[in-house]
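Thanks for asking me to look this one over. My notes follow as numbered points, with the cut-offs given as each term comes up.

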Amino acid sequence: MDLEKKEIKAFITDYVDKLRQGNATILIGAGLSKAAGFVDWKGLLKDLATELGLRIEDENDLISIAQFHKNAKQNRNKIDEKIVNEFTDKDIETENHHIIARLPFNTIWTTNYDDLIEDAHYKYDKKVDVKSEVNSLFINRDNRACILYKMHGDKDHPNKAVLLKEDYEKYYYTHEPFIALLNSELITKSFLFIGFSFTDPNINYVFGRLTHRYSDQSKDHYSIMKRCSINDYKEDHNKFQYETIKQQLFIEELKRYRVNTILIENYPDLTQILNEIERKYNSHSVFISGSAVEYGNFTVSEAQQFLHLLSKRIVERKLNVVNGFGLGVGSSIINGALDAVYANPIKYSEEQLIIKPFPQFETGNKKLEVLWEEYRQKMISRAGIILFVFGNNDEGNGIEDAVGLKREFTIAMEKGLIPIPIHYTGYMTKNIFDDLQKNFIELGLSEDLMKDIANLELNKNNFSESIDQIIEIINKILL
């Protein structure tokens with residue numbers, strides 16, 4: 001997929017800006033769970049339709065199918081069993097679920113019954129406050145990273161799941177607080193709809209009311225939708241042409257609700273777009289990798305001043321500083337970032353400093369080396385640029401280059417971060433720079449970037465001048 005296409009690039013830039021401002025959310029439909037092996041609506045209702053003598057492939061009014069079945073059986077027991085059995089727990093989240101869990105959404109909406117989103121968040125140590133029924137809205141979980149609104153309920157409470165026509169008819173008073181919250185979020189945030197067919201009457205009802213009342217003030221929203229393909233209709237060209245016309249008309253109708261549609265050719269394109277959203281979001285976070293018990297050409301005081309000013313200038317550039325509180329460098333990096341924040345707390349935020357000190361003791365059954373590797377993976381995942389400074393330690397055998405920096409360099413390359421080794425600080429940082437000069441093409445880095453890094457110069461009479469050069473490289477990366 002060409003991510004440089006004008007409309008895709010504009011969408012990603014706008015959505016990432018809103019994500020940084022805390023003004024973006026996402027609504028996930030059954031299409032995302034289908035990629036993980038679960039059934040979609042038609043799959044869920046297929047057996048029930050067959051029992052009624054209907055062919056699910058010929059039906060579009062799926063809500064009525066579920067209602068017809070209850071009417072025929074005089075209860076919804078079989079429907080409830082289908083929900084439980086079809087959405088049984090399996091460790092099968094897709095990469096799309098993981099990317100969504102890593103992104104900083106403070107709210108997520110879904111019409112799905114499964115718990116794939118919750119499971120993905122737990123794998124990144126992020127607590128999810130699940131709201132699947134009205135009563136749960138009145139109880140807040142401590143230390144939650146995200147609120148997950150499950151508009152149609154949860155597989156663990158199938159008898160309360162919204163599925164029948166009568167459930168939708170009653171939704172406006174049985175789930176009135178959900179409607180109010182959705183109204184509020186649609187007014188204040190931009191939604192990204194993925195795996196969602198827009199056949200849900202609740203969403204359409206809310207959209208319709210908001211459009212008529214606040215059409216000129218509504219937020220822009222986005223939907224990612226697969227383009228109709230002849231392969232979807234078993235080479236039936238008439239059907240393909242008919243559905244293509246319908247899809248285009250539907251896309252035009254969504255514009256009435258200020259929903260802009262991004263068409264993708266294949267489902268892997270969705271992962272590519274979400275990856276780019278994450279990459280672009282992380283590009284504004286700079287991981288500073290370093291450790292030192294000695295500072296080469298710097299005195300201790302000079303090294304502290306240099307690191308302090310470097311961290312401060314990164315925050316003043318409105319970027320985030322990510323750091324593992326490395327030996328001999330962590331304090332200066334933290335102080336520099338906080339200096340920028342406290343000097344102008346209206347303009348900058350403490351949230352721009354992300355500190356994850358390395359564990360010092362083994363916990364549980366995990367060796368210290370295992371814990372450090374996990375920490376490195378998580379910290380580096382949150383950044384788009386990695387700076388290297390110094391890189392030495394003394395573990396009882398005298399001063400040695402720090403192998404931890406080399407490991408962080410390897411992880412960063414695997415995750416697609418842009419490296420900037422500040423080579424004049426020496427030690428492992430100089431080794432990383434030398435390796436890059438030999439292998440930058442294989443690593444997908446540009447010759448211009450390498451020239452800019454090679455031209456970095458240390459001016460000990462004016463650290464600001466040296467740091468200007470580093471910030472200039474970062475600015476070019478962010479273009």
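How many helices and strands make up the secondary structure of the protein?

1. The secondary structure comes to 19 helices and 14 strands, taken as DSSP runs numbered from the N terminus (helices: H or I, at least four residues; strands: E, at least two). Please keep in mind that this is a predicted model, in which local features need pLDDT of at least 70 and side-chain atom pairs count only at pLDDT 80 or more, while totals for chains, interfaces and linings use all residues. Residues are numbered from 1 along each chain as its sequence is written, and side-chain values use heavy atoms, with hydrogens and water left out.

2. On overall dimensions, the C-alpha trace spans about 85 × 50 × 45 Å along its principal axes. Of the 479 residues, 49% are buried (buried is under 20% relative accessible area, exposed over 50%, partly exposed in between; 1.4 Å probe, protein chains only). Among contacts with a separation of 6 or more, 71% are between residues 24 or more positions apart (contact: heavy atoms within 4.5 Å).

3. Ser223 is worth a look. This residue sits in strand S6 (residues 221-226) and counts as buried because its relative accessibility is 1%. Beyond its neighbours within four places in sequence, Ser223 contacts Phe193, Phe198, Val259, Asn260, Thr261 and Ile262.

4. Next, the salt bridges: there are 37 (a side-chain nitrogen of Lys or Arg within 4 Å of a carboxyl oxygen of Asp or Glu). One of them joins Glu51 and Lys73 at 3.4 Å, N to O. That pair links distant parts of the chain, with Glu51 in helix H3 (residues 41-51) and Lys73 in helix H4 (residues 62-73), 22 residues apart. Glu51 is partly exposed at 36%, and Lys73 is partly exposed at 42%.

5. Another pair to check is Glu302 and Lys460, at 2.9 Å, N to O. Here Glu302 belongs to helix H13, whereas Lys460 lies in the loop between helix H18 (447-454) and helix H19 (463-478), 158 residues away. Lys460 counts as partly exposed, at 35% relative accessibility.

6. Lys406 and Asp435 also form a salt bridge, at 2.9 Å, N to O. Lys406 is in helix H16 (residues 403-414) and Asp435 in helix H17 (residues 428-439), 29 residues apart. Lys406 is partly exposed at 29%, as is Asp435 at 24%.
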